[in-house]
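Hello,

Here is the structure for you to look through. My notes on what was found in it follow below.

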Amino acid sequence: MDEKIPRRDAINYLLGAGLVALGGATLYPVIRYMIPPKASGSGTASVSAAKVGDLKPNEGLIFKFGDAPAILVLRPGGDPYTASDYVAMTAVCTHLNCTVQYRTDLKEIWCACHNGHFDLQGRVMSGPPPAPLDMYRVAIKGNEIFVTSEKA
Amino acid sequence: MRKIAAILLTIFTGAAGVHAKDSSCISCHRSPDWFSDTSVVVAYLSGDTHLNFGIGCEDCHGGDPRIGMAEGDPTLAMDPAKGYKPPPDRTGIPAFCARCHSDIDFMKRYNPRLPTDQMALYKTSVHGKQLLESGDTKVAVCTDCHGAHGILPAADSRSKVNFRNVPRTCATCHSDPVHMAGYKTEGGRAIPVDQYEEFVQSVHGKLALEKEDQAAPVCNDCHGSHGATPPNIASVSASCGECHASNRDFFNASPHAAPWKELGYADCEQCHGSHLIMAATDKMVGVDNGALCIQCHDPGTGGYQAALTMQAGIDSLRAAIAAAEEVVHQAETKGVEGGEARFDLGAAKDNLVRVRAVVHTFDPAQVTEITSAGIKTAEAVRLTAEESLGDLRVRQIGLGISLILIMIVAFGLWRKIKQVDSRTDFTAHGG
Amino acid sequence: MVDKKKIYNWFDERVDLKNIEKFLEHKTVPYHKHSIWYYLGGMSLFLFVLQVLTGILLLLYYKPTAESAYESVQYIMTEVPFGWLVRSIHSYAANLFIGMVFVHMFSVFLMKAYRRPRELTWVSGAFLLFLAMGFGFSGYLLPWNQLAYLATNVGTNFATMVPFIGEWLLEFLRGGKEVTGATLTRFFGFHVAVLPGITTLLLAIHVLFVQRLGMSVPVSIERQIKQGKAKRLSIPFVPNYLYRDMLGWVLAMGVIVLLSSLFPWELGDKADILKPAPPHIRPEWFFVFMYQTLKYVPKVIGVFGFAIAGLIWILLPFFDKKSNRGEPNRLYTIIGVFVIAYIIILTIIGYVAPGE
């Protein structure tokens, strides 16, 4: 009998430690899962495009909006802290789906593929694009610039 | 009171002209008792743009519409002494319209943005020259396209000059072999009458007529409307370049530009055609069957080699994109890729779109530069997607750890079961 | 130092711990050569709890609309840490759960464990199986992928076979005339609110019955004991039986984690209402035997046949006089084996036979 006691203890320790470790191995993914990931949520409704200060006046930035690129521009002479000084629109050219960019020299949105020009309201100024770029709404919350697909 | 209302009405409908209700022209010409054909007035009253601006019959035709009816003698209104002029014949129509439409000050009062150069342009057009210099009345005058009474603005989809209807309007004469018989090009060849048939099959025709895409060109976008002339060889690329600007620029700077001039080739048309322009394909470039390059460039020449290089570049870019898409799609359906790869692949697709324009430089170096960049992107995306698919390896480490723990616990439980069973009397029932 | 005794007493005074302890101490489970089948119920319960827990986790990120359901599942699988694991466990455990409930039911049937006085346990269990299938059917649509969309189209269409209220039932299920985002939202409601509520209640009743009546000993063993050929054996529920249960659960967990990690549940292509249906649409595996049958018999007869067969299946215990007397009932055994064989064969045919 006396010999059996340490063996029983060994099993208890093994089982206890195993259960604790397994519990930990279960809890770890669960807790990691519950902490929302850095990337913004699914869907295209609203996206944090940049932080205030990321853009200087007369600068543009391409960001991922859903699965498609979008562009955020701080107007020339605009105030980085004022939402209405930013414009955001889809960066998918309406001609052949190339990604457009902001031309600081022209102060226009420009598509490199076929030299299409858009104004800061997304309207076609010249070149082959048949339709304007869809505009998005910009809002600033705290330090972050949010872009929403709701019509601006 | 009624007088005030009438004055107000006059003000609102425009200063000039007598309101239709009070016009003896309208009253008389609308009445079937007086006229068997009332279509002129009916057309005018059905929404003629002049009517909407308050321009009455007398503003074009002269005379005094305020008299005639009461007196019982309609001819009083059409007294030449009151400025009445009989309607012009075909030769006189352009000048008749131009009295107002070439008058900048007059037009400003109604439609400041409407151009006033129609007559000037018309004089430069083949139609205008034939009419005014050769006295040929078979050619188009203003009313043939715009109508005479019941003229609608071009933006109105019912107008014969609306973009949807322009091809049909031009075709009225230009597709009629009888009408066109006898007309020759500058080079002395008979003018074809199949432009309309060709146009409706073309990429432009399909867009404009089937998709009702206002951005697509119809006849007048290349040939001009009031100044309609065939674009000559020198101006073809200018016409096409209105929309296809980058292609025009690339072409004009390309090694093809000079020989094209020497050979008298009509720029874009040489490869793409004119009325029957089809959507361009990648097959047009290269040395395979159906490629255009080999029509001039024989094997063994530098041009042939260049075509081969450009074809290879475009083909490998397409292949790289297709391969990447395949893997990305696989990764997406497996749920290991969430759109990031597809987003990145967009850059490679941009390169493909761009190279299709840059190919008009006919410079293998420039083409290859873009295709290589695209291939690099596509390859990187494919590798990332493949990695994501293989990312299951990272998961396997975690899996290994948890399986080991599970085995330990299972082993412990098994030993424990043995242990408690050894101390249990199975025949002792509880309860 | 906290006085353990004091805490114990505090609780004991309020919830009568001593009685619970006594109850657990004395609870035993029969022990014989067929007692392996006893674990299936506990295993089903474990899998159900696993479904509830992973289901709650999925709810943190899932969005039940046609516009974002697929994207949200994609987001869970690719962006959320261990999201792929949670979703895969939920999917694998769901299938394992339904399989386990099936096996549980047939083992009960073949051992005639439903016989007096356990008829109501059987009936409640049968309804739990239907609920499990309802869970499977409604949950399958939630990722809003093409296969699930088409399968739901075909599946809900059978509602029209119901006389008089068929059309109404179809619209009730679909939330409209067609399978759309409205169906998705509706199925989501069924899946996370309606079904869990009913199931929890029924499950409590089911477990309570098991508890009140204890485990049934198979007729053959009972006879052997009565004839003195075997001894009546049993083991304490705590800890002997509980350890065994836990061993099973841990091993099941291992299998699920293994499958989830090596073969994460696929996401498929997003449902596209405009895409034509591919030729070989198949419902989920546990519906295949019914779906395949309907290819051979007129649909109306088939649907009614299954409804009536299901009803008879539920009511069979009430007519099994022989088992109630403790005598072996060959006929019922043959019926059970036939039903099992029928389901297995038709399911296999459904998977190997070329589609129409």
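**Chain contacts**

In this predicted model, the contact between chain C and chain B takes 35 residues from chain C and 28 residues from chain B. On the side of chain C that touches chain B, the elements giving two or more residues are helix 4 (69–78), strand 2 (234–236) and helix 11 (237–262) of chain C. Helix 11 of chain C gives the most to this side, with 14 residues. Sorted by class, the side of chain C that touches chain B holds 19 nonpolar, nine polar and seven charged residues.

Chain C also has a contact with chain A, which takes ten residues from chain A and 15 residues from chain C. The chain A side of that contact divides into six nonpolar residues, three polar and one charged.

**Chain A**

The domain assignment of chain A gives domain 1 (1–35) and domain 2 (46–148). Taken over C-alpha atoms, the centres of domain 1 and domain 2 of chain A are separated by 55 Å.

Strand 4 (residues 86–90) of chain A has five of its five residues buried, so it is largely enclosed by the rest of the structure. Strand 4 of chain A pairs in the antiparallel sense with strand 3 (residues 68–74) of chain A over five bridges; A:Tyr86 in strand 4 is the bridge partner of A:Leu74. Strand 4 of chain A also pairs with strand 9 (residues 135–141) of chain A, in the antiparallel sense over two bridges. There, A:Ala88 stands opposite A:Tyr136 in strand 9 of chain A.

Regards

Terms used
Residues are numbered from 1 along each chain as its sequence is written. Chains are lettered from A and ligands numbered from 1 in the order in which they are written. This is a predicted model: local features need pLDDT of at least 70, side-chain atom pairs count only at pLDDT 80 or more; totals for chains, interfaces and linings use all residues. Two residues are in contact if their C-beta atoms, placed from the backbone, lie within 7 Å. Helices (H or I, at least four residues) and strands (E, at least two) are DSSP runs, numbered from the N terminus. Ala, Val, Leu, Ile, Met, Phe, Trp, Tyr, Cys and Pro count as nonpolar, Asp, Glu, Lys and Arg as charged, and the others, Gly among them, as polar. Domain bounds come from an automatic or database domain assignment. A residue is buried if 20 or more other C-beta atoms lie within 10 Å of its own, exposed if 12 or fewer, and partly exposed in between; C-beta atoms are placed from the backbone. Two strands pair if DSSP finds at least two bridges between them.
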